[in-house]
Amino acid sequence: MTSETAAGLSLDVADRLATITLCKPATINAIGPEEIDSITGLLRDAVADPTVGTILIRGEGQRGFCAGGDIKQVHTMIVSGELDRLAAFWAAEYRLDHLIATCPKPVVSIAHGLTLGGGMGLASHASHRVVTDSTRMGMPEVLIGLSPDIGGLWLYSRAPGHTGTFAALTAAHLHAGDALHMGLADHYVPDDRIEELTERLRNLPAATVFGEFTDRPPSWIADHRAAIDRMFGGDSVAGIIESAHATTDTAVAEAALSALTSASPTALCVTHEALRRAARMRDLAECLEQDLRVGQHCSRHPDLTEGIRARVVDKDRRPKWSPPTVAEVSATEVSSFFEPIGPRLQFGTW
């Protein structure tokens, strides 16, 4: 049985497997408010179906699972002054992420190709998280003047050493081995065996199926772990930049400085503080509440519209940040991003 939604998604139930497919490959399955509402409804339908034993979330097309939230829609909402509508969009997205994380049935995600931002929210909160040869996973928000959201900092703050700080501040694209090393994924399945995996999930419990996939590809993050920990263990973004200039590991230094010198200084400092706070949180829900609060403050800061303009709208990649340097971002300004704003995030239940 297959059903489709107007938002470009489908739900297919075959034997004991319900498959939710993002069907907009032209945009690498980017998600906006309509997609969030549709995925939420399809997920609830799959849970309510007594014939369904496992739920699979995947994306159509070779380019990727999901390139994240529809940034152009975000830009339009901000410049149109629809900040409450933007907050409602983010709140619905975070509620969906929480539903995936707390789903009473096993949820399998296949994060092939680009899996960025909101795509990570759909993929990395599932109970069985699959990465492939083509996986390029990451949280690129600091490059547009936003702090990583969708509970990404909950995951990054629990990654080994300071690898999560590295990934958050450099917007790194993580390969399959990196995602496994950092605890962002559970299983590696080669791209050419995905259909085999899907076929077996139709008739067997997920735990049984994944026992057959035990390979782990190499990880650049693991290989450079010592340098990453030394460089990104600093108490401030300024200290991290100073360490990057001083390190002898040129590969890590180049990766770090390329991002740290082009990202929004304010977003970098807010993200660094958000990571520190996320590390002390009791659960994902608390982190998602922080994400909504920080995001609403970001939507009122000039760097977000400027960052989207420079990278997505005009694509000149020459943003004019305010302020232009990390040294000019005050501790008071950073703290203001964590002040209460708008209504608290309310989570749905199963």
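How many of the eight residues of helix H6 (residues 163–170) are buried?

**View 1. Helix H6 is mostly covered.** Eight of its eight residues are buried, where buried means under 20% relative accessible area with a 1.4 Å probe and protein chains only. Helices here are DSSP runs of H or I with at least four residues, numbered from the N terminus. This is a predicted model, in which local features need pLDDT of at least 70, side-chain atom pairs count only at pLDDT 80 or more, and totals for chains, interfaces and linings use all residues. Residues are numbered from 1 along each chain as its sequence is written, and side-chain values use heavy atoms, leaving out hydrogens and water.

**View 2. The buried residues of H6 pack against other helices.** Their partners include helix H5 (152–156), helix H12 (237–246) and helix H14 (265–278). Just after H6, Ala171 takes a positive phi of about 55°.

**View 3. Phe166 and Phe232 form an edge-to-face pair.** Rings of Phe, Tyr and Trp (its six-membered ring) pair if their centres lie within 6.5 Å; planes over 60 degrees apart count as edge-to-face, under 30 as stacked and the rest as tilted. The whole structure has two aromatic pairs. In this one the ring centres are 5.3 Å apart and the planes stand at 90°, so the pair is edge-to-face. The pair links distant parts of the chain, with Phe166 in helix H6 and Phe232 in helix H11, 66 residues apart. Phe166 is buried at 2% relative accessible area, and Phe232 is buried at 1%. Ring pairs link Phe166, Trp220 and Phe232 into a cluster.

Key:
Buried means under 20% relative accessible area, exposed over 50%, partly exposed in between (1.4 Å probe, protein chains only). Helices (H or I, at least four residues) and strands (E, at least two) are DSSP runs, numbered from the N terminus. Contact means heavy atoms within 4.5 Å.
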